[in-house]
Amino acid sequence: MKITKAIIPAAGLGTRVLPASKAVPKEMLNIVDKPAIQYLVEECAAAGITDILIITNRGKGVIEDHFDYAYELEQNLLKHPEKHALYEAAHNVADLANIYYIRQKETKGLGHAILAAERFVGNEPFAILYGDDVIISESRPVIGQLIDAYEKYGKCVTGVKECTTEQVMKYCTLDVTPLEDCIYDVHRVIEKPDRDEILSHFAILGRNVVTPDVFELIRNTAPSPKTGEVYFSEALSFLAESGNLLAVDFDGKRYDMGSKLGIMQANVEVALKHPEIGAEFGEYIKKIAEKL
């Protein structure tokens with residue numbers, strides 16, 4: 001079955017980037033001239049996904065406003081021929097996909113947020129893109145790379161990259177064996193492992209393609225006794241242990257938009273390639289580098 005639906009969990013509190021996220025959702029923090037969440041929606045659209053559910057919480061209505069028409073602004077831009085390109089940039093955001101919204105009424109972890117999408121998904125396989133993770137690829141969109149693996153093998157798929165030991169201990173670790181090229185069979189997933197529990201340096205970074213069976217697995221997942229959160233990685237581990245999970249070492253650069261360093265890295269690297277400011281910004285960075 002062709003994958004046309006995606007969900008973007010965007011209900012986190014953004015505590016790692018306070019005070020910037022006090023009044024502005026971290027998903028709306030910009031990378032040069034676009035908010036982070038727009039990169040995710042554009043990635044979905046480029047991969048053929050037509051319907052997207054964004055899972056929000058209180059105080060994130062600005063996300064809905066961004067993916068809507070802004071009549072007064074757009075009409076003002078249309079009055080000035082030299083601003084028509086700006087009109088297109090603002091107007092076309094609303095037409096990237098059919099976008100729906102639901103609130104996660106309590107912050108109980110990623111698994112709990114994904115469970116809120118069950119009625120939206122129905123009986124179809126679907127994509128999951130974590131709201132914190134912007135991944136930019138020079139080739140096929142990363143979620144499209146996972147969809148390709150799902151369509152070829154008929155198994156759920158998670159996106160991974162090799163990470164440092166410290167990063168793996170913050171994220172998760174996977175027990176894998178090679179299948180072909182950048183695709184691996186996954187046998188086990190451990191969330192936030194201790195150093196002696198690390199199975200490999202592959203960690204899940206922000207992209208999944210799964211079937212609706214995952215909802216029952218989430219319901220059967222007990223909340224963490226430490227945090228009270230329902231970890232989605234537990235459901236992925238169940239899939240792995242039943243032989244129904246692949247990992248794709250995707251082609252793309254991931255930016256952690258939930259961290260101050262990740263935000264700065266994204267802005268610098270995207271700005272250097274930006275057609276409008278790239279050359280001038282590159283010269284500025286060279287001058288700054290001379291002073292380090």
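Asp 256 is buried, at 9% relative accessibility; buried means under 20% relative accessible area, exposed over 50%, and partly exposed in between (1.4 Å probe, protein chains only). The model is predicted: local features need pLDDT of at least 70, side-chain atom pairs count only at pLDDT 80 or more, and totals for chains, interfaces and linings use all residues. Residues are numbered from 1 along each chain as its sequence is written, and side-chain values use heavy atoms, with hydrogens and water left out.

**Asp 256**
- Asp 256 sits in strand E13, residues 253-256. Helices (H or I, at least four residues) and strands (E, at least two) are DSSP runs, numbered from the N terminus.
- Its side chain makes a polar contact of 3.1 Å with the side chain of Arg 16. A polar contact is a pair of N or O atoms within 3.5 Å; within protein, one must be able to donate a hydrogen and the other to accept it, and residues adjacent in sequence count only if both atoms are side-chain atoms.
- Beyond neighbours within four places in sequence, Asp 256 is in contact (heavy atoms within 4.5 Å) with Arg 16, Asp 132, Asp 133, Tyr 171, Gly 262 and Ile 263.

**Largest pocket**
- The volume of the largest pocket is about 1500 Å³.
- Its lining has 47 residues; Arg 16, Asp 132, Tyr 171, Arg 254 and Asp 256 are the closest to the centre.
- Elements giving two or more residues to this lining include strand E8 (156-162), helix H10 (232-241), E13 and helix H11 (260-272).
- A pocket is an open set of points on a 1 Å grid over the protein atoms alone, where a 1.4 Å probe fits, with protein on both sides within 12 Å along at least five of seven lines; lining residues have an atom within 4 Å of a point. Grid points are joined across faces, edges and corners, and a volume is the space filled by probe spheres set on the points.

**Second largest pocket**
- The second largest pocket has a volume of about 460 Å³.
- Among its 18 lining residues, Tyr 39, Ile 136, Ser 137, Glu 138 and Val 270 lie nearest the centre.
- Helix H1 (36-46), strand E7 (133-136), E13 and H11 each give two or more residues. H1 gives the most, with 4.

**Cysteines**
- The disulfide count is 0, a disulfide being a pair of cysteine sulfur atoms within 2.5 Å.
- Cys 172 is buried, at 3%. Its sulfur is 8.3 Å from the closest cysteine sulfur, in Cys 163, too far for a bond.
- Cys 182 is partly exposed, at 32%.
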